[in-house]
Amino acid sequence: GVRTAESFFLNSVIAPLAIAKSTEGKRRTQTREYKANFLTSYRLAGLTEHRFLKNLTLGGALRWESKASIGYWGVDVEENLAAKLPVLELDRDRPIYDKARLYADVFLTYRTRFFADKVNASFQLNVRNLQESGRLQAIKVNPDGVANVYRIIDPRQFILTASFDL
């Protein structure tokens, strides 16, 4: 474990500077080129006259993101790792990608009245990230492809809101 001034300078100054210079003019990592959002809702009053069902609204959303670059492969990675040297140059034509992502949300809204129809009330249950159970997602990788920075992806969330109009 003793670190020399030369190894500190190579690993902490020269390597990050070389990586920054080699990515000049390239798209920033962690940004996705395309995104699309789709949202829909439907009031059941158009289908039925049932007292409870006609006050319900059902809906959902899909959020799609294209793949994103999370880093670049290094030049001569195997040789540098074998010699225990830092990777000083990135191959700008070989990005490392995170896959495209699709997220789904659903909601249910119920509208009613209280106190002799003087107070309008709305209750809404949202389920965000319906298919998610929680995980770590790599957002940055070393030039050898090993993830080194992660983002916490929350598991599905249940959100209940109530609003009242007097």
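A residue is called buried when its relative accessible area is under 20%, exposed when over 50%, and partly exposed in between, with a 1.4 Å probe and protein chains only. The structure is a predicted model, in which local features need pLDDT of at least 70 and side-chain atom pairs count only at pLDDT 80 or more, while totals for chains, interfaces and linings use all residues. Residues are numbered from 1 along each chain as its sequence is written, and side-chain values use heavy atoms, with hydrogens and water left out.

The protein chain contains two helices and nine strands. These elements are DSSP runs numbered from the N terminus (helices: H or I, at least four residues; strands: E, at least two). Along the sequence their pattern is α-β-β-β-α-β-β-β-β-β-β. The radius of gyration, taken over C-alpha atoms, is compared with a globule rule of 2.2 Å times the number of residues to the power 0.38. For the 166 residues of the protein chain this rule gives 15 Å, and the value found is 26 Å, well over it, so the chain is more spread out than a compact globule. The C-alpha atoms fill a box of roughly 80 × 35 × 25 Å along the principal axes. Of the 166 residues, 26% are buried.

Five strands form an open sheet in the order β1-β2-β5-β6-β9, with antiparallel pairing. Two strands count as paired if DSSP finds at least two bridges between them. The edges are taken by β1 (35-43) and β9 (157-165); each has a single partner strand, so one side of each is left without a neighbour in the sheet. Within the sheet, β5 (residues 101-114) and β6 (residues 119-128) run antiparallel and are joined by nine bridges. Phenylalanine 114 stands opposite valine 119 of β6.

Four aromatic pairs were found in the whole structure. Rings of Phe, Tyr and Trp (its six-membered ring) pair if their centres lie within 6.5 Å; planes under 30 degrees apart count as stacked, over 60 as edge-to-face and the rest as tilted. Phenylalanine 123 and phenylalanine 164 have ring centres 6.0 Å apart and planes at 85°, so this pair is edge-to-face. Phenylalanine 123 belongs to β6 and phenylalanine 164 to β9, so the pair ties together parts 41 residues apart in sequence. Phenylalanine 123 is partly exposed, at 30% relative accessible area, and phenylalanine 164 is partly exposed at 46%. Ring pairs link Phe114, Phe115, Phe123 and Phe164 into a cluster.
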